[in-house]
Amino acid sequence: MNQTTPRLVPAFLGCLLLLNLAQAAFTELLYDEAYYWYYAQNISWGYFDHPPMVAWMIALGSNLIPGELGVRVVSVLMGIGTLFLLWLLIDAPGKRENPARVLLWFLSITLLHAYGFLSLPDTPLLFFTALFLLAYRYFLRSPGMVPAVGLGLVMAALMYSKYHAALVILFVLLSNLKLLRSGYAWLALAVSLLAYFPHLYWLYEQEFVSVRYHLFERPNQPYSFSKFTAGYFLNLIALFGLTFPWAYLSLWKYRPTDTFRRSLKFVAWGIFLFFLFSSFQRRIQTQWLIAACIPMAVLVGETLLTHPATGKWVARASIANIAVLLFLRIGLAYEPLFPVPFEAHGNKAWVASLQEVADGNPVVFENSYRQASMYRFYSGETAFSLNNAYYRKNQYSIDDSEARVQGRRVFFVRVIDRETPYYYTDQAGEKKYGTFLDPFNSYRKLEAGTRPENAYRPGDTGTFWLYNPYARPVPLAGLKFGIALMDPYKETQSIVGVRPDDTNSLPEILAPADSVSFRFRYQDHKGEAPTYIRAVTGVPGLVFGLNGNSQKVDR
């Protein structure tokens, strides 16, 4: 079949490129984008929540172009690249003669709009999923050393984008188990692992903090059909908007004619079923399903070309989808048009208001890595997220950001407002209060735990240990110690204070890389017996931190 690209395709991609560049330049950052921009201020092989690809992209763009466009320019290029790769992946009669039908379908896919200009981990995930499938098709047609090396490098790039990429690779393998007997397939795996080794080593150095958080430490909530499973099905609709009936009907009826097309169906079904079963345990976010859009875009695109009647209906629904999406995109940049308040609006204003109140001092936000990152982006001033025992760990928990505010006068913004003489105006136009702390000390990197690692009933005794990872001594006289009581979903319900018993006395300071322990008697507490506990420490005036790991209660 003649694969010459019709002129409409580069014209379409060129116009969309200009639109996305304008959108990227005139839309304020989302909170997550600001957080990933914060990643990019310290280039690394890994970060708390995600692999490093999104930070690398932002760092590259920001070094070339200032402001929001710099944060997003690489994402814009990747978004256009994803669409072109999708065009290349479609291999059906009539593609060259009816390019508008395929391009209209691509443009109607909801999240391909958002990830066409936003700098989020899903943007490279989409691009490298499409590139991986293209490399895999080439590998199947011409197996050899060069295709294997190329496939391995793309797999590594895919995994550097987001951990969900493992599902794409796994379901491709399950679609073709003969790969296990292919030496070239094993070569591709070896190349990918070698290229991915720096991130694996980073995880090892960080004691697999990302893996522990996502698999074991992440807070959850009781199962709710409406929020979990019904919410999952609503996410399926949100992926494709008004075209969803034909999209899923095409997936159901699609009959693969070769090994490659079989992999497309496996990846789509695999991701949908994996997260369907996951929805019985936790709430599923729409973007977790995003990788399935790549095989779906291809197999639905081929269906439209081979079944003209379906194509007409999808074209009508696609036009309606696109009209709604374009309206929302304009509203992102121009707030009066957006139907509801949104996080991309008003950030410059609240940052400027807070910057004036802080008067050049660093700002410490309690439990808000999002606000800390946004404030730093738009103000250029130092900011820190102080994560306490009722929140979760994030990048601010493992990097050196605490050192930049330690011992300094800071403006402190609490989660719960307490009226003070100092306030700024937030995005909603409401007063948000804060206070100055001078000096500020937190010691949130202190590591803590209890022995034995089990439940403590009133009157029981145990051992509380503390380790100092800092390069400087930590004064112990002002510290307070406690045990956070958590429910089955690892949400902290309360904190019981503990202190050394009469047989123990603590030193005045804890030297660097040194540890100390003391015996304590567990006091009575109100409420239900905990399912998990966590050893915590803090300083007077601040809520306890996230010092220990969660420990399962031994009943």
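How many bridges join strand E3 to strand E5, and in which sense do the two strands run? The answer is 3 bridges, with E3 (residues 410-413) and E5 (residues 431-437) running antiparallel. The model described here is predicted.

## Strands E3, E4 and E5

Within the pairing of E3 and E5, which are joined by 3 bridges, valine 410 stands opposite leucine 437 of E5. E5 also pairs with strand E4 (residues 422-425), again in the antiparallel sense, over 4 bridges.

E4 and E5 form a hairpin, with 5 residues between the two strands. The turn contains glycine 429, whose phi is positive at about 80°.

## The sheet E6-E7-E12

Another group of strands forms an open sheet of 3 strands, in the order E6-E7-E12, with antiparallel pairing. E6 and strand E12 (515-521) are the edge strands; each has a single partner strand, so one side of each is left without a neighbour in the sheet. From one strand to the next, the twist averages 20°.

E6 and strand E7 (residues 461-467) run antiparallel and are joined by 5 bridges. Here glycine 449 has tryptophan 465 in E7 as its bridge partner.

## Helix packing

Two packed helices are described by the angle between their axes and the distance between the axes. For helix H1 (residues 8-26) and helix H5 (residues 99-108), the axes come within 10 Å and cross at roughly 25°. Angles under 35 degrees count as roughly parallel, and H1 and H5 are therefore roughly parallel to each other. H1 passes H5 in a right-handed crossing.

A second pair consists of helix H7 (residues 122-141) and helix H14 (residues 259-278), whose axes come within 10 Å and cross at roughly 150°. This angle makes H7 roughly antiparallel to H14, the cut-off for that class being over 145 degrees. The crossing of H7 and H14 is right-handed.

## Second largest pocket

The second largest pocket holds about 710 Å³ of space. It is lined by 29 residues, of which Glu207, Lys393, Ser397, Lys445 and Glu447 are the closest to its centre. The elements that give two or more residues to this lining are helix H11 (209-217), strand E2 (383-386), helix H19 (395-398) and strand E6 (447-451).

By class, the lining residues of the second largest pocket divide into 10 nonpolar, 10 polar and 9 charged.

## Cavities

How many cavities of 30 Å³ or more does a search of the whole structure find? The search finds 3. The largest cavity has a volume of about 90 Å³.

Which residues line the largest cavity? They are Tyr38, Tyr39, Gln41, Asn42, Tyr47, Arg376, Gln395, Asp399, Asp400 and Arg404. This lining has 3 nonpolar, 3 polar and 4 charged residues.

Methods:
Residues are numbered from 1 along each chain as its sequence is written. This is a predicted model: local features need pLDDT of at least 70, side-chain atom pairs count only at pLDDT 80 or more; totals for chains, interfaces and linings use all residues. Side-chain values use heavy atoms; hydrogens and water are left out. On a 1 Å grid over the protein atoms alone, a cavity is a set of points where a 1.4 Å probe fits but cannot get out, and a pocket is an open set with protein on both sides within 12 Å along at least five of seven lines; lining residues have an atom within 4 Å of a point. Grid points are joined across faces, edges and corners, and a volume is the space filled by probe spheres set on the points. Ala, Val, Leu, Ile, Met, Phe, Trp, Tyr, Cys and Pro count as nonpolar, Asp, Glu, Lys and Arg as charged, and the others, Gly among them, as polar. Two strands pair if DSSP finds at least two bridges between them. Axes are lines fitted to C-alpha atoms, for helices over the stretch in contact, and angles run from 0 to 180 degrees between N-to-C directions. Angles under 35 degrees count as roughly parallel, over 145 as roughly antiparallel, 65 to 115 as roughly perpendicular and the rest as oblique. A crossing is left-handed if the near helix is turned anticlockwise from the far one by less than a right angle, and right-handed if clockwise.
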